[in-house]
Amino acid sequence: MNTDTTSANEKYILVAVATGDEDAAWDSLDELADLLDTAGGTVSCQVVQNLDHPDRATYIGKGKALELREMVSIQEADGIICDDELSASQMRNLSELTDTKVIDRTTLILDIFASHAKTREGRLQVEIAQQKYRYARLRGMGEALSRLGAGIGTRGPGETKLETDRRVIQKRISKLSDEIEAMKRARDTARKKRSDSPLPAAAIVGYTNAGKSTLLNRLTGSDMLSEDKLFATLDPTTRAALLPDGQKVLFTDTVGFINKLPHNLVDAFRSTLEEAGYADIILHVIDASDPQAEMHRKVVYDTLRDLDISGRPVITVWNKADLISKDEVFRDFDSDASVRISARTGEGIGDLCETVAKILRENRIFIDKIIPYSEAALVARIRTAGQLISEEYEENGIHVRAYVPASMNIH
């Protein structure tokens, strides 16, 4: 994988088309700027073009494209990044009119994923998304693809050259799909083994940079990478933690969501995000200090619906409380509970743990029975997977009072 092709201080002009809400377009460009920063580039300037709809030939219109050509020359920019996914013809035409490198939001996000994925499965997921994207754009790219050269937008598992036959890419996609499917089967087997002695699981989801990794570190005492950048971590990480009531829980940090997430990437990362679908509870982390918090909240719920993840209790975790007024009120009517915390300072973590314990307990059954000494191993399973209230050693066996998962079938 080639991840060292970014030139120092690559500068880009960021461009968006506003089809109604110009403020939303500027907000989206600000996020695109954060993505560019994560990829290692810098913003030369930002441009919004107001149109009824994106121009089918050039995205922004020929006149604005010619203006951009002058801006690129004056500001000595290395290229242009468009805030939407471009068709092959749009990218080719815009590149020809501006005489510079043109990439789109999808390419930039794929580039970030290529440089941040650490596990073998993560790298395979990125490659298959990139190959599908390139496959759809091989025809008609012409000079536009050759302009990409090196730098941002070209990282990943090797550059696909124009002369590469489409059948070669199809064959590679098929091979990658087989490898990913094999990994999925192995993960399903491991998950089934976990269900034989079930520990409750909580999936941490949220918009990228909401503080999910910091929360996982705070809850479990781990030292997972946590940076103030979009998509600082991609590969799902699972750690165990003990709640104050003695219940042991597995917390999994998942890849962050983002607005306009490339369709191919949603499909490719479905297997890594599906942990949320198997969790007993979902912690939806929101950066309460972000002015776009409501939009981010909706993006996460929309993505979860796209992934067919539903029917799980959701706790909305309003993070970064140390950055906002204590009088500010936050509500999420789509969740089962809300907690206000600061993963950085630890504020509210106790309340969050109590809320998790309460919801888990509501989804378990209470047992009060004597377990024969010949079945003492069952008590060990209860200690691991359930919440043991008390155990007393009596003449006929071990008297246990506990909350256990219904799947343990203890009556």
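Me: What does Lys-358 count as, judged by relative accessibility?

Reply: First, the basis: this is a predicted model, in which local features need pLDDT of at least 70, side-chain atom pairs count only at pLDDT 80 or more, and totals for chains, interfaces and linings use all residues. Residues are numbered from 1 along each chain as its sequence is written, and side-chain values use heavy atoms, with hydrogens and water left out. Buried means under 20% relative accessible area, exposed over 50%, and partly exposed in between (1.4 Å probe, protein chains only). Lys-358 has 45% relative accessibility, so Lys-358 counts as partly exposed.

Me: Which residue does the side chain of Lys-358 meet in a salt bridge?

Reply: A salt bridge here is a side-chain nitrogen of Lys or Arg within 4 Å of a carboxyl oxygen of Asp or Glu. Lys-358 meets Glu-362, at 2.7 Å from N to O. Both residues belong to helix α13 (residues 349-362) and are 4 residues apart, about one turn of the helix. Helices (H or I, at least four residues) and strands (E, at least two) are DSSP runs, numbered from the N terminus. Glu-362 has a relative accessible area of 53%, so Glu-362 is exposed. Elsewhere, salt bridges with shared partners join Glu-31, Asp-83, Asp-84, Arg-105 and Lys-260 into one network.

Me: How many salt bridges does the structure hold?

Reply: There are 20. One of them pairs Arg-120 with Glu-179, with 2.3 Å between the closest N and O atoms. This pair links distant parts of the chain: Arg-120 is in helix α5 (residues 120-137) and Glu-179 in helix α7 (residues 166-196), 59 residues apart.

Me: Is Glu-179 buried or exposed?

Reply: Glu-179 counts as buried because its relative accessibility is 18%.

Me: At what angle do the axes of helices α2 and α3 cross?

Reply: Two packed helices are described by the angle between their axes and the distance between the axes. Axes are lines fitted to C-alpha atoms, for helices over the stretch in contact, and angles run from 0 to 180 degrees between N-to-C directions. The axes of α2 (residues 62-75) and α3 (residues 88-98) cross at roughly 50 degrees and come within 8 Å. That angle makes α2 oblique to α3, since angles under 35 degrees count as roughly parallel, over 145 as roughly antiparallel, 65 to 115 as roughly perpendicular and the rest as oblique. The contact (heavy atoms within 4.5 Å) involves Lys-62, Ala-65, Leu-66, Leu-68 and Arg-69 of α2 with Leu-94, Glu-96, Leu-97 and Thr-98 of α3.

Me: What is the strand order of the open sheet of 3 strands?

Reply: Strands of a sheet pair through backbone hydrogen bonds, either parallel or antiparallel. Two strands pair if DSSP finds at least two bridges between them. The order in this sheet is β11-β13-β12, with antiparallel pairing. The edge strands, each pairing on one side only, are β11 (365-371) and β12 (387-393). Neighbouring strands are turned by 10 degrees against each other on average, direction ignored. β12 is joined to β13 (residues 398-404) by 6 bridges, and Leu-388 stands opposite Ala-402 in β13.

Me: How many residues lie between β6 and β7 in their hairpin?

Reply: There are 5, and Gly-246 in the turn has a positive phi of about 95 degrees. β6 (residues 237-242) and β7 (residues 248-253) run antiparallel and are joined by 6 bridges. Ala-241 stands opposite Val-249 in β7.

Me: Is Thr-316 buried or exposed?

Reply: Thr-316 lies in strand β9 and is buried, with 0% relative accessible area. Leaving out residues up to four places away in sequence, Thr-316 touches residues including His-284, Ile-286, Tyr-301 and Asp-332.

Me: Where is the place of Gly-311?

Reply: Gly-311 is in the loop between α12 (293-306) and β9 (314-319). Gly-311 counts as exposed at 72% relative accessibility. Gly-311 is 34 residues from Gly-277 in sequence and 8.7 Å from it in space, C-alpha to C-alpha.
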